[in-house]
Amino acid sequence: MNNADNVSIRLERCARTFEDGTRALEATDLTIQAGETIVFLGPSGCGKTTTLRLVAGLDEPDVGGKVWFGDEDVTAIPIERRNVGMVFQSYALFPNMSVEENVAYGLRVRKVPADQRELRVQESLEMMHITDLANRRIDQLSGGQRQRVALARAIAPRPRVLLLDEPLTALDAKLRENLRVEIDRLLRSLGITTVYVTHDQGEAMALGDRIAVMDKGRIAQIGTPEEIYRAPANAFVADFIGTMNRLFGRVENNSLVFPGGRVNWSGPPPAAGLMFRPEDLQLAAPGSGNFTAQVVSAFFLGDHVRLVLDAGAPDFFIARVFERRTFAKGETLEFTLNPHTLVSLEK
Amino acid sequence: MQASIKKPRRSPLFWAQLAFTLTVCAFLIVPVFMSMTAGVTLNYMTGVSGGLTTQWVEKVLTDYRGPIVLSLELAIACLLCTLLLGIPAAYVLAKRQNAFTRAIEELLVMPVAVPGIATALALIVTYGGLGGFRTSWLFILVGHVLFTLPFMVRSVLAVMSSIDLKTLEEGARSLGANFTQRFFGIILPNCRSGIIAGSLMVVTLSLGEFNMTLLLHTPLTQTLPVGLADTYASLRLEVGSAYTLVFFVIIVPLLIAMQWASNAVSQRKRI
């Protein structure tokens, strides 16, 4: 499929207040590059779906806000004339139509000639590997199949923008994993500008070129998955994405000192503590580590062991270790912590 | 695994309940059956043994052709009106759920709760002065629409509330469908079971409506049930019974279809 029609999306001072006065989205500026996949990630009520609906044209921003598709101001254009494709958490497939008729619907209402329509329907069905389901009724499909149909239906009219609102949330874990890979393949091959909303960070990391982490109607941080994970901009992002350990102590001789040991650190002790990820702790041979800690509990999780450690820092640390050995409760272990992996935040 | 399965013994209570049920059924069905057979006997007093005839049925079909045709026309006109008014009303009520629409929903049911005679009197007091209107069949139509509309609205609304109307419409909008395309291509087909159930209900109620029509009709706008009362009051019992027979032949298939449609609706809901 061609991607010549790809557009960038720009939100300009877009806020959204509901009829009951709830402020769902604070004034937000955001530019999404043409062909980019951006993921809105956050807890429920953070404003991610609200933002998606503004981009879709299902809702309008408060007065003063503008939505741009490329050079075109689409703020006042409703969704039916924005030429977007949308996938809903509840699929929103039409029960009165077969799979094929569902996929053809967008082309039919746009009065695409029958021969061309047929071609594009087949193309979309093939892309989602559901050609053999073409004549099924919707109530004969499983959840995963339904979402494939919904994706095929959304891309069939070749929209300028693809919008996905928690498309995998209603599916079970195994299916979610499969379909995530499928969606990734689809987005890469279409190269279409995509906005994806989810509360699942695994999905966000896997699919997003960039992730916009949202909190209380604001974008808390926007960046590549790696930036979000390695260099969180604030405590909310640090705690929301993955697991973050916090280390408190006093600074002396270019070190942060705590009862279990010390790590290299210059400058004042950060207010929110020094942070690091569980996988950045390495088991060390006795006498060669930065600090010692007692095992509080150990969980064998197959490929790794999750340790809860007490190093008097004063919170417990979480560590992921890959050594093939068993850990006893109360055992004393020694760890190294690379100072380059430390994150310090003022708020 | 040697234990043989014994047939459960029916308790005496079961037989008592069965007898009671059969008695009640007989009490309800026998008069209907009697009335229908009376319509095809030569003489009601001598019963079936006196011989069978179709003369009464033929007499009804010739003498009361007018009321029968009028009733069928009224039912169809009433159906068209309730479809045109009821489906859009149900759509708005389903989409905008607030105190105002809930009040409207309650008010719509008023003509069912208020005795038909009271509604008819109110119509006569208000519009009785409009001579041409008062004497035309349209006057009866207004009464029938008032009475049957809530059944159409409720039936369609029940289906609309059971499907996710909002998301379906948003899905259609995202694919470029304007309101007309959505309404006829998505909303109506997915409410079909409710529309069919409502339609059968409206036709049946309109055909059988007596209370209100008795006051609203004129000698020239007699309907099927009013004609039935007329035959029993003024003609031989056999003619009245033959009339009942004709009425049954028209209404029973509708009732069966209605039952079938409402089963289809409840099955849909379970999915």
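This is a predicted model: local features need pLDDT of at least 70, side-chain atom pairs count only at pLDDT 80 or more; totals for chains, interfaces and linings use all residues.
Now the domains. The assignment for chain A gives domain 1 as 9–240 and domain 2 as 245–344. How far apart are the centres of domain 1 and domain 2 of chain A? Over C-alpha atoms, the separation is 40 Å.

One word on contacts within the chain. Take the contacts in chain A between residues at least 6 apart in sequence. Of those, 65% join residues at least 24 apart.

Next, please look at strand β8 of chain A, residues 193–198. Is this strand mostly covered or mostly open? It is mostly covered: 6 of its 6 residues are buried. As background, side chains in a regular strand alternate between the two faces of the sheet. In β8(A), both faces are covered. One side carries A:T193, A:V195 and A:V197. The other carries A:T194, A:Y196 and A:T198. Every one of these is buried.

Which strands pair with β8(A)? Here are two. Strand β3 of chain A, residues 37–41, runs parallel to β8(A) and is joined to it by 5 bridges. Within that pairing, A:V39 stands opposite A:Y196.

Move on to another sheet of chain A. This one is open and has 3 strands, in the order β11-β15-β21, with antiparallel pairing. Which strands are the edges? They are β11 (245–247) and β21 (343–344) of chain A, and each pairs on one side only. Strand β15, residues 274–276 of chain A, is joined to β21(A) by 2 bridges. One pair to find on screen: A:M275 has A:V343 in β21(A) as its bridge partner.

Now a single residue, A:E60. You will find it in the loop between α1 (48–56) and β4 (66–69) of chain A. Why does A:E60 count as partly exposed? Because it has 16 C-beta neighbours inside 10 Å, while a buried residue needs 20 or more and an exposed one has 12 or fewer. For a sense of distance, compare A:E60 with A:F300. They are 240 residues apart in sequence and 50 Å apart in space, C-alpha to C-alpha.

Last topic: the contact between the chains. It takes 19 residues from chain A and 16 from chain B. On the chain B side, α9 (165–174) and α10 (179–190) each supply at least two residues. Which element gives the largest share of that side? That is α9(B), with 6 residues. By class, the side of chain B that touches chain A has 6 nonpolar, 7 polar and 3 charged residues.

That's my tour. Questions, please.

Note on methods:
Residues are numbered from 1 along each chain as its sequence is written. Chains are lettered from A and ligands numbered from 1 in the order in which they are written. Two residues are in contact if their C-beta atoms, placed from the backbone, lie within 7 Å. Helices (H or I, at least four residues) and strands (E, at least two) are DSSP runs, numbered from the N terminus. Ala, Val, Leu, Ile, Met, Phe, Trp, Tyr, Cys and Pro count as nonpolar, Asp, Glu, Lys and Arg as charged, and the others, Gly among them, as polar. Domain bounds come from an automatic or database domain assignment. Two strands pair if DSSP finds at least two bridges between them.
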